[in-house]
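This report looks at the surroundings of a ligand and at pairs of aromatic rings. Please keep the sequence and the structure in view while reading.

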Amino acid sequence: MPGRSLFTASRSGRCGRTDPSVLHFHRRLDENGRPTTTFGHFWNDAVAVWFIRLTRQELAVQDIGFQPVGRWSEPIAVGAAADPGLVAAMLAATDTVHVSNARTVPLTTARAPQPPVILCGDADHAITPAAGVGARDAIEDAAALYTALVSRGAPAAAMAERRHQILAERAQAARMFRTTT
Ligand SMILES: Cc1cc2nc3c(=O)[nH]c(=O)nc-3n(C[C@H](O)[C@H](O)[C@H](O)COP(=O)(O)OP(=O)(O)OC[C@H]3O[C@@H](n4cnc5c(N)ncnc54)[C@H](O)[C@@H]3O)c2cc1C
C-alpha cells in the first residue's frame with residue numbers, strides 16, 4: 001500500500017539548463033504506472049524555486065516544518081534523478097527545506113456536510129500538492145460558503161455542491177492522467 005506523500009520545498013539558485021519561466025514537472029512512476037515522486041522547478045532572472053513529492057509514511061510533527069537539508073539530500077537526489085546535474089545545483093544552493101506531510105482525502109465515503117461544523121478547504125478534501133489545485137479549491141469553497149451565508153442559503157448544501165464539483169474534477173484529472181502516461 002502506498003504511504004503518504006511528503007513534500008519538501010525550497011528556494012535556490014538559478015537553473016540554466018532548463019527553459020526559464022516554465023513550471024517543469026518530472027514524474028517517476030511505479031510498475032503500475034502510479035507516480036511515486038514528482039519533482040518540480042521554476043526559474044527566471046528573479047527567482048528559482050523547486051519542490052519534490054516523495055511517497056512514504058507520515059512523518060512525526062517534530063520532523064516537519066523547516067529542516068536542515070542534510071538529512072533530505074539523498075532522498076531528494078534519488079527522487080529527482082531525472083536531471084542529476086540540476087538537482088545537485090539546487091541542493092548545493094539550499095541550506096533549509098520546508099517539509100510537509102501531504103495526503104489525498106478520498107471524499108467518496110465522507111459524511112455529508114452538516115451544521116454546526118462545516119469543513120472546507122484542506123480540512124474537508126485535502127489533495128496531494130502535486131495536483132496543484134488545493135489552494136484554488138479552498139478559495140472556491142470560501143466563495144461558495146460566503147455566497148450561501150449572504151444570500152441566506154444553506155452552507156451545508158453549498159459545501160455538498162462543492163464536493164460534487166471537486167469529485168468531478170478529480171475524475172476528469174484521473175482520466176487525463178491515464179491517457180497521458
Ligand atoms: C509544498 C506544497 C505545495 C503546494 N502547491 C500548491 C499549488 O501549486 N497549487 C495549489 O492550488 N495548492 C498547492 N498546495 C496546497 C495548498 O497549499 C492547500 O490546498 C491550501 O493551503 C489549503 O488551504 P486551507 O485554507 O484549507 O488550509 P491551510 O492553508 O492549511 O490553512 C489552515 C490554517 O489553519 C491554521 N490552524 C490549524 N490548526 C489550528 C488551530 N487549532 N487553531 C488556529 N489555527 C489553526 C494553520 O496554521 C493554517 O494557517 C501546496 C501545498 C504544499 C504543502
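A residue counts as buried when its relative accessible area is under 20%, as exposed when that value is over 50%, and as partly exposed in between. By this cut-off Trp-50, with a relative accessible area of 4%, is buried. The model shown here is a predicted one, and the values below are computed from it.

**Aromatic pairs**

A search of the whole structure finds 2 aromatic pairs. A pair of aromatic rings is described by the distance of the centres and the angle of the planes. How far apart are the ring centres of Phe-25 and Phe-51, and at what angle do their planes stand? The centres of these two rings are 5.6 Å apart and the planes stand at 65°, so the pair is edge-to-face, since planes over 60 degrees apart are counted in that way. This pair links distant parts of the chain, because Phe-25 lies in strand 2 (residues 24-29) and Phe-51 in strand 4 (residues 48-56), 26 residues apart.

**Around the ligand**

The shell around the ligand holds 11 residues, of which Asp-122, Gly-132, Val-133, Gly-134 and Ala-135 come nearest. Sorted by kind, the residues of this shell divide into 5 nonpolar, 4 polar and 2 charged. Helix 4 (residues 134-150) gives the most to the shell, with 4 residues.

| Residue | Protein atom | Distance to a ligand oxygen atom |
|---|---|---|
| Asp-122 | polar side-chain atom | 2.8 Å |
| Gly-134 | polar backbone atom | 3.2 Å |
| Val-133 | backbone N or O atom | 3.5 Å |

Taken alone, the ligand exposes 1000 Å², and the protein buries 35% of that area.

Definitions and conventions. Residues are numbered from 1 along each chain as its sequence is written. This is a predicted model: local features need pLDDT of at least 70, side-chain atom pairs count only at pLDDT 80 or more; totals for chains, interfaces and linings use all residues. Side-chain values use heavy atoms; hydrogens and water are left out. A residue is near a molecule or strand if one of its heavy atoms lies within 4 Å of it. A polar contact is a pair of N or O atoms within 3.5 Å; within protein, one must be able to donate a hydrogen and the other to accept it, and residues adjacent in sequence count only if both atoms are side-chain atoms. Accessible areas come from the Shrake-Rupley method with a 1.4 Å probe; for residues, only the protein chains shown count as cover. Helices (H or I, at least four residues) and strands (E, at least two) are DSSP runs, numbered from the N terminus. Ala, Val, Leu, Ile, Met, Phe, Trp, Tyr, Cys and Pro count as nonpolar, Asp, Glu, Lys and Arg as charged, and the others, Gly among them, as polar. Rings of Phe, Tyr and Trp (its six-membered ring) pair if their centres lie within 6.5 Å; planes under 30 degrees apart count as stacked, over 60 as edge-to-face and the rest as tilted. Buried means under 20% relative accessible area, exposed over 50%, partly exposed in between (1.4 Å probe, protein chains only).
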